[in-house]
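Thanks for coming. I will take a few minutes to walk through one model, and you can follow along on the screen.

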Amino acid sequence: MEKEFTNKVALVTGGAMGIGKAVALLLAEKGAKVVIIDKVKDEAAKVVKEITGDAIAIQADVSKSSDVKNTIEETVKKFGKIDIVSNNAGIQRYGTVESTSENEWDEVINVNLKSVYLVCHFVLPYLKKTKGTIVNMTSVQAFATQRNVAAYTTSKHGIVGLTRSMALDFAKDGIRVNCVAPGTTDTPLLKWAASLDPNPERVYKDCADMHPLGRIASPKEVAEVVVFLASEKASFVTGAIYSVDGGLLLPIGGEPKIAEE
Ligand SMILES: NC(=O)c1ccc[n+]([C@@H]2O[C@H](COP(=O)([O-])OP(=O)(O)OC[C@H]3O[C@@H](n4cnc5c(N)ncnc54)[C@H](O)[C@@H]3O)[C@@H](O)[C@H]2O)c1
């Protein structure tokens with residue numbers, strides 16, 4: 001039976017876990033052939049097993065040029081083309097500019113931001129042939145920030161700039177480029193971040209309370225928006241930043257209590 005993404009080939013970075021996994025599963029459910037790119041081989045293989053259609057996993061470090069180039073060549077060799085790119089791979093490290101070491105700075109910028117440049121750099125010649133589309137994963141931390149996340153928030157601001165730049169440069173080729181900015185999402189990354197606190201359960205509760213909708217997102221809720229942007233339903237959407245944040249960025253900081261009902 002023909003599905004929404006039948007005959008589409010989708011490349012999903014960070015597809016072994018969390019939001020990327022949810023994107024890979026949803027695209028596969030909707031008929032796409034899925035290529036999961038991740039540094040963690042076993043988890044990526046498990047996602048492939050969950051998929052009934054065509055799917056492969058390629059182990060690669062998306063911050064390394066040679067890995068990315070080989071991955072894209074392997075994808076085209078296997079499936080003949082690339083229609084959709086979903087850039088999700090990302091890491092979090094905590095620190096101010098003063099406490100972040102140069103190595104940590106480079107690690108975060110390379111995995112979160114340079115990877116998007118690398119994937120797009122090598123994939124664009126193929127996307128031009130298919131008039132394909134790119135969906136990048138940024139964060140609410142592209143618009144606002146917290147204390148102690150200097151490198152992460154810089155990388156996420158950078159993804160917005162890169163998305164807009166590519167959207168404009170490649171609109172003439174029929175290529176759409178958008179990004180999604182989630183609030184707190186229930187993934188292994190969040191579990192790891194919460195585990196750094198002596199009371200992880202309190203971290204989850206605080207995160208839920210921060211969002212006006214009173215909870216955090218599931219990876220599937222974020223994936224739904226990524227898949228929408230990758231679909232024909234979003235055919236006139238490019239250069240957009242879609243917040244999926246349960247209203248997290250709505251309140252004005254320092255709002256006087258008197259204004260509350
Ligand atoms: N979870 C959240 O609350 C949240 C909120 C906003 C934005 N995000 C963003 O969403 C994206 C996915 O986050 P998540 O929470 O699902 O994280 P996660 O840690 O649960 O999953 C990230 C995946 O990326 C892979 N990865 C990491 N570094 C890689 C590398 N160098 N090469 C290849 N693969 C690599 C990991 O192995 C993992 O499978 C990230 O870009 C993150 O910044 C997450």
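I start with Pro-198, which counts as exposed because it has 7 C-beta neighbours inside 10 Å. The terms work like this: a residue is buried if 20 or more other C-beta atoms lie within 10 Å of its own, exposed if 12 or fewer, and partly exposed in between, with C-beta atoms placed from the backbone. This is a predicted model, and local features need pLDDT of at least 70, side-chain atom pairs count only at pLDDT 80 or more, and totals for chains, interfaces and linings use all residues. Residues are numbered from 1 along each chain as its sequence is written.

Pro-198 lies in the loop between α6 and α7, the latter being residues 200–210. Helices here are DSSP runs of H or I with at least four residues, strands are runs of E with at least two, and both are numbered from the N terminus. From the C-alpha of Pro-198 to that of Arg-176 is 43 Å, although the two are 22 residues apart along the chain.

Now to strand β1, residues 9–13. Five of its five residues are buried. Val-9, Leu-11 and Thr-13 point one way, while Ala-10 and Val-12 point the other way. Why is Ala-10 buried? Ala-10 counts as buried because it has 30 C-beta neighbours inside 10 Å. Leaving aside residues up to four places away in sequence, Ala-10 touches Leu-27, Val-34, Ile-84 and Ser-86, among others. Touching means that the C-beta atoms of two residues, placed from the backbone, lie within 7 Å.

Which strands does β1 pair with? One is β2, residues 33–38, which runs parallel to β1 and is joined to it by five bridges. Thr-13 stands opposite Ile-37 in that strand. Another is β4, paired with β1 in the parallel sense over four bridges. There, the bridge partner of Ala-10 is Ile-84. Strands pair if DSSP finds at least two bridges between them.

Strand β4 in turn is joined to β5 by four bridges, and these two also run parallel. Val-85 has Ile-134 in β5 as its bridge partner. Both faces of β4 are covered, with Ile-84 and Ser-86 buried on one side and Val-85 and Asn-87 buried on the other.

Next, helix α8, residues 219–230.

On to the ligand. How many residues surround it? There are 26, the closest being Gly-14, Gly-18, Gly-90, Thr-187 and Leu-189; a residue counts as near if its C-beta atom, placed from the backbone, lies within 6 Å. Helices α1 and α6 each supply at least two residues of this shell. The shell divides into 13 nonpolar, 10 polar and three charged residues. For that count, Ala, Val, Leu, Ile, Met, Phe, Trp, Tyr, Cys and Pro are nonpolar, Asp, Glu, Lys and Arg are charged, and the others, Gly among them, are polar.

Last, two backbone angles. Asn-7, in the segment before β1, has a phi near 70°, a positive value in a residue other than glycine. Lys-131, in the loop between α4 and β5, has a positive phi near 50°. Lys-131 is exposed because 12 other C-beta atoms lie within 10 Å.

Technical notes:
Expected span 1.5 Å × (residues − 1).
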